Amino acid sequence: MADECDAVVVGSGPNGLAAAITLARAGCSVLVCEANSTIGGGARSAELTLPGFLHDVCSAVHPLAAGSPFFKALPLERFGLEWIQPDIPLAHPLDDGSAACLHRDVDLTADRLSGDSQRYRWLMKPLARDWEKLADEFLQPMLHLPRHPVALARFGAFAICPATFLTKTLFRHEPARALFAGIAAHSFLPLEAPGSSAFALVLGFAGHAVGWPVPRRGAQQIANALAAYLHELGGKIEVNRRVDSLDDLPTTRVILLDVSVWQFLRIAGHRLPSRYRRRLESFRHAAGIFKIDYALSSPIPWKAEACRRAGTIHLGGRIDEIAAAERDAFRGNIPERPFVLVAQQSLFDETRAPLGQHTLWAYCHVPFNCKLDVSDRIESQIERFAPGFRDCVIARHKMGAADLEKSNSNLAGGDISGGAADLMQLIARPTLSPTPYRTPIRGVYLCSSSTPPGGGVHGMCGYHAARAALREVFGKR
Ligand SMILES: Cc1cc2nc3c(=O)[nH]c(=O)nc-3n(C[C@H](O)[C@H](O)[C@H](O)COP(=O)(O)OP(=O)(O)OC[C@H]3O[C@@H](n4cnc5c(N)ncnc54)[C@H](O)[C@@H]3O)c2cc1C
């Protein structure tokens, strides 16, 4: 049978779309097969609570998308993508009514962390200055020849440290420690784990270099802009087309799978050599999440004034408390006071809610495959820093592990990272290779966040996987 297209991409998440665009730009005919009725995977928006309230189903805040070398090279603004920068990217309230803040400006951030100003500046200023160089280095497989060895070595020396160690060695006071610990908790690792500092550094200096922006009209706009550009390049997308076996696909030279390692095992495990299959079977999940979206009658009555101007708020209090909550979730215990991430997009984007009303996006870290409804614990954490919050709630939409998996098979067990991002699995993601996207099945590549550089909306897994396919199958550099 003749090839029906040069390449098929399974899944229309940011990485699937990035892979499809990379192939289409190289002149390949591409078909994207998406299981859901809507495109976007982890970059979707919907009226989850009430009509007129537009919620981000998964991703909300996008330093990695705004700083992605691949996305930056695409004409996404032409297709409607518009970034909004909140007044303050991130606020971290403390029990005394104050808040530590990550501002766009390194000096302003440092100046407000009194007692730790010099150390913060010393740590972050060179990293923020080197964003372009460093993004180039860490948004690709770890096994590569660095193009910017000096910048990478400085970053690596700090990044490898456990977050608790780096934070407590460097900073003397709680605001700086709590701020850094909250950002490190994005790793889903215990903060005592080697490499947990990497997340705090990357997201921290991304905040300075590119901000923590939200897209006008929701994360769906990222996927829509990518899809519109793909269509312009001649690519096609079919929704409601779930792929359960590689035999379901049309004849093609290349298949790129925007699916997790565990889905890949289900779809094609029987065709994999046993050594490779065993390696994938031993790939570890990250902890899970429990998410709630709220429709609110008014803005949240935060005690700390800075929180009223911030796009993202980290709720967990002091560093030791955050470390304990993350340790619990990692070890399979449900934290009594979980670390909660909150985004209040409607404060900066009037398209998200009816006039005067608001949306709130919140999730906390829980053990993998947690079955418990932890809404009360999330709301207690919000109330702790914003007394009266519950009185503002008009409607709630909750998503536990089972709901997340139902909405996207890649999110089984509530793992939103495509597998744990510990040091070992960052280096070997999912296998130790300079081209970890290639699978032992000829012409089949993995391109999801289970490959480097891992989770987040940045498209770089898809871009690198497609580049590998172009090189190896089509002989294109
Ligand atoms: C609640 C939540 C909050 C998040 N917050 C942020 C954030 O604020 N910022 C950020 O940068 N990142 C965030 N993320 C992470 C981010 O969404 C993911 O890392 C990113 O979307 C991964 O992209 P991907 O293309 O690899 O996979 P996905 O986005 O998961 O896309 C995979 C696509 O493939 C489809 N698919 C899966 N299996 C099949 C199949 N068998 N056949 C056909 N189609 C299939 C799925 O339906 C889905 O559309 C969040 C994720 C979640 C769930």
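Student: In this predicted model, which residue in β7 does Leu 90 stand opposite?
Tutor: β6 and β7 pair in the antiparallel sense, over 4 bridges. They form a hairpin with 5 residues between them. Across that pairing, the residue in β7 opposite Leu 90 is Leu 102.

Student: What phi does Gly 97 have in the turn?
Tutor: Gly 97 sits in the turn of the hairpin formed by β6 and β7. Its phi is positive, at about 90 degrees.

Student: Is His 103 buried or exposed?
Tutor: His 103 is found in the loop between β7 and α4 (106-112). Beyond its neighbours within four places in sequence, it is in contact with Ile 88, Pro 89, Leu 108, Thr 109, Arg 112 and His 208. The cut-off for burial is under 20% relative accessible area. At 7% relative accessibility, His 103 therefore counts as buried.

Student: Which strands stand at the edges of the open sheet of 7 strands, and why is one side of each left without a neighbour?
Tutor: The order is β7-β6-β12-β13-β14-β11-β15, with mixed pairing. Each edge strand has a single partner strand, so one side is left without a neighbour in the sheet. These strands are β7 (99-102) and β15 (393-399).

Student: How many degrees does the twist average from one strand to the next there?
Tutor: The sheet in question has 7 strands and is open. From one strand to the next, its twist averages 20 degrees.

Student: What angle does the direction of helix α15 make with that of β11?
Tutor: Helix α15 (residues 375-385) packs on this sheet. It touches β6 (88-93), β11 (288-296), β12 (310-315), β13, β14 and β15. Its direction and that of β11 make an angle of about 60 degrees.

Student: Which residue in β14 stands opposite Val 342?
Tutor: Start from β12. Ala 91 stands opposite Ile 313 in β12, and Ile 313 stands opposite Val 342 in β13. Strand β13 (residues 340-343) then runs antiparallel to β14 (residues 358-366), joined by 4 bridges. In β14, the residue opposite Val 342 is Ala 362.

Student: Which are the edge strands of the open sheet of 5 strands?
Tutor: Its order is β9-β2-β1-β10-β16, and the pairing is parallel. Neighbouring strands are turned by 20 degrees against each other on average, direction ignored. Pairing on one side only marks the edge strands, β9 (236-238) and β16 (444-446).

Student: What is the bridge partner of Cys 5 in β10?
Tutor: Strand β1 (residues 5-10) runs parallel to strand β10 (residues 252-257). The two are joined by 5 bridges. For Cys 5, the partner in β10 is Thr 252.

Student: How many charged residues does the lining of the second largest pocket have?
Tutor: The lining includes Gln 140, His 144, Tyr 437, Arg 467 and Arg 471. By class, 6 of the lining residues are nonpolar and 4 are polar. The charged residues number 2.

Student: What volume does the second largest pocket have?
Tutor: Rolling a probe the size of a water molecule over the atoms shows where empty space is left. Residues lining this pocket include Pro 141, Leu 143, Pro 434 and His 464. The pocket's volume is about 270 Å³.

Definitions and conventions:
Residues are numbered from 1 along each chain as its sequence is written. This is a predicted model: local features need pLDDT of at least 70, side-chain atom pairs count only at pLDDT 80 or more; totals for chains, interfaces and linings use all residues. Side-chain values use heavy atoms; hydrogens and water are left out. Two strands pair if DSSP finds at least two bridges between them. Axes are lines fitted to C-alpha atoms, for helices over the stretch in contact, and angles run from 0 to 180 degrees between N-to-C directions. Contact means heavy atoms within 4.5 Å. On a 1 Å grid over the protein atoms alone, a cavity is a set of points where a 1.4 Å probe fits but cannot get out, and a pocket is an open set with protein on both sides within 12 Å along at least five of seven lines; lining residues have an atom within 4 Å of a point. Grid points are joined across faces, edges and corners, and a volume is the space filled by probe spheres set on the points. Ala, Val, Leu, Ile, Met, Phe, Trp, Tyr, Cys and Pro count as nonpolar, Asp, Glu, Lys and Arg as charged, and the others, Gly among them, as polar. Buried means under 20% relative accessible area, exposed over 50%, partly exposed in between (1.4 Å probe, protein chains only).
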